[in-house]
Amino acid sequence: MPPRITVIGTGYLGATQAVCMAHLGYEVVAVDVDPAKVAALASGKLPFFEPALDTLLVETLATGRLRFTTDFDLAAEFGDVHFICVGTPQSSGSDAADLRYVDAAFGELARRVTRKALLVGKSTVPVGTADRLAERIVELSPAGAELELAWNPEFLREGFAVEDTLRPDRLVFGVRSAWAEQMLRAAYSPLLAAGTPVVVADPATAELVKVAANSFLATKISFINAMAEVCEAAGADVSLLAKALSYDDRIGGRFLKPGLGFGGGCLPKDIRAFRARAEELGVSAAVAFLHEVDQINLRRRSRTVDLVRELAGRSLQGVRVAALGAAFKPDSDDVRDAPALDVARLLYLEGASVVVYDPQANANAHRAYPDLDYADTLGEAVDGADVVVLLTEWAEFVTADPEDMGVLVAQRRIVDGRGALDVARYRAAGWEYRALGRPAEVGAARP
């Protein structure tokens, strides 16, 4: 008989996990402390934007296999495998991860579980967290040592969360017993039957897999952006450099894309928390390079402002700028540590009249930065603009007709912060085009 599943936390990770597990055929109870969020999800409404998940939520609710509740007692009694999917934000005044939500979720559940069950952490946490929590839940639970802990890190990409959950490139099981491994295999039986690779490890290794993966990805992104800095100084073209490097199969072209850099709720805070934990472990030198990775990433934001200023004629005072994008990536409404929104803010602080438009993230952006102006359409955003700056590479922006936009703007000047536009097409339409790491001269740059 398949295990019954609970999911603790119904944010981005938890809601996706709950919906997808129910879609796979499991009986699922999802728990959150926020009654409004629970009510919205129970009525088929997502509290965030994620392609395909909204449809899947409605479909799984109709099967009766998925329930949302605020009742921890119900979850403790119901579940055989409990997935903890709460957030681990950066601590205030520190690079370290804030584990208060993880500790609370494990604690609230453990003190209610009265029989043998498995608590599974999916949140991204500092290595050693699982060991600490394993001791704590045994002390708290009426089930004592019958309550076991495992770690099963998530590898979701916003915009592809359903695909990454239902067809992951790997599963990692951090377990201490054959029984815990067996329970996780039962919980992921349909994925294993489809051939998903599994790495069975100890909990500490499982914790490290996620932060190591994020650190490697962040390093690759910052590497090509460091090369962009060199290209700008040397008059070279980083887009052609990246293309040449991509043919080396030791390097590959994935994420070797120069531009504004990474943001969101994972990579920035995860690499900082990794550094903080390494310092606690006495091995800070081993990951000291991550500080520069972070700094390179942040410098791309100020350099984008420089390009806008250069196009505007050395001063941004009173210049109307159309900021295309607010989310940290397309197909998301997440503005946490979003480079796009940070650039818009920096332009505003230099005196520019900034109008932001994002197909999904306007509301979240307005809550974060209410002083900025927001447009409801692309046309409204670029109307009368002295400079247009592409900050999030939504398809709507990438495929926009430069001739049509040219009719609306005051000046045909554009900064491509993501290296996503057709350079030749824009220059043929009479636009001044600038991009990070690419020459300003028309004859030197290529599409």
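Predicted model: local features only at pLDDT ≥ 70, side-chain atom pairs only at ≥ 80, totals over all residues.

Student: In what order do the six strands of the open sheet come?

Tutor: Follow the pairing from strand to strand. Here the order is 11-10-9-12-13-14, and the pairing is parallel.

Student: Which strands are the edge strands?

Tutor: Look for strands that pair on one side only. These are strand 11 (373-374) and strand 14 (432-435).

Student: How many bridges join strand 13 to strand 14?

Tutor: Four, and the two strands run parallel.

Student: Now strand 9. With which strands does it pair, and over how many bridges?

Tutor: Take one partner at a time. Strand 9 pairs with strand 10 (residues 353-357) in the parallel sense over five bridges. There, Ala323 has Val356 as its bridge partner. Strand 9 also pairs with strand 12 (residues 387-390), again in the parallel sense, over four bridges. Ala322 has Val388 of strand 12 as its bridge partner.

Student: Why is strand 9 described as largely enclosed?

Tutor: Count its buried residues; buried means under 20% relative accessible area. Strand 9 spans residues 320-324, and four of its five residues are buried, so the rest of the structure largely encloses it.

Student: Which strands does helix 13 touch?

Tutor: Helix 13 (residues 289-312) packs on the sheet and touches strands 9, 12, 13 and 14. Its direction makes about 165 degrees with that of strand 13.

Student: How do helix 10 and helix 12 pack?

Tutor: Read the angle and the distance between axes. Helix 10 (residues 203-234) and helix 12 (residues 267-280) pack at about 115 degrees, with axes 9 Å apart. The two helices are therefore roughly perpendicular to each other. Their crossing is left-handed. The contact includes Leu208, Val211 and Ile221 of helix 10, and Leu267, Ile271 and Phe274 of helix 12.

Student: Is Tyr188 buried or exposed?

Tutor: Check its relative accessible area. At 3%, Tyr188 is buried. Tyr188 lies in the loop between helix 8 (178-187) and helix 9 (189-193). Beyond its neighbours within four places in sequence, its contacts include Gln17, Tyr26, Phe83 and Phe173. Pro3 is 185 residues away along the chain, but the C-alpha atoms of Tyr188 and Pro3 are separated by 9.9 Å.

Student: And where is Thr10 found?

Tutor: In the loop between strand 1 (5-8) and helix 1 (12-23). Thr10 is buried, with a relative accessible area of 0%. Beyond its neighbours within four places in sequence, its contacts include Ala30, Asp32, Lys37 and Phe68.

Student: What is the phi of Ala52?

Tutor: Near 75 degrees, a positive value in a residue other than glycine. Ala52 sits in the loop between helix 2 (35-42) and helix 3 (53-63). With a relative accessible area of 45%, Ala52 is partly exposed.

Student: What is the phi of Asp337?

Tutor: About 45 degrees, positive although Asp337 is not a glycine. Asp337 is in the loop between strand 9 and helix 14. At 28% relative accessibility, Asp337 counts as partly exposed.

Methods
Residues numbered from 1 in each chain as written. Heavy atoms only, no water. Buried < 20%, exposed > 50% of the residue type's maximum accessible area, 1.4 Å probe, protein only. Pairing = 2+ DSSP bridges. Axes fitted to C-alpha atoms, helices over the stretch in contact; angles between N-to-C directions. Parallel < 35°, antiparallel > 145°, perpendicular 65-115°, else oblique. Left-handed = near helix turned anticlockwise from the far one by under 90°. Contact = heavy atoms within 4.5 Å.
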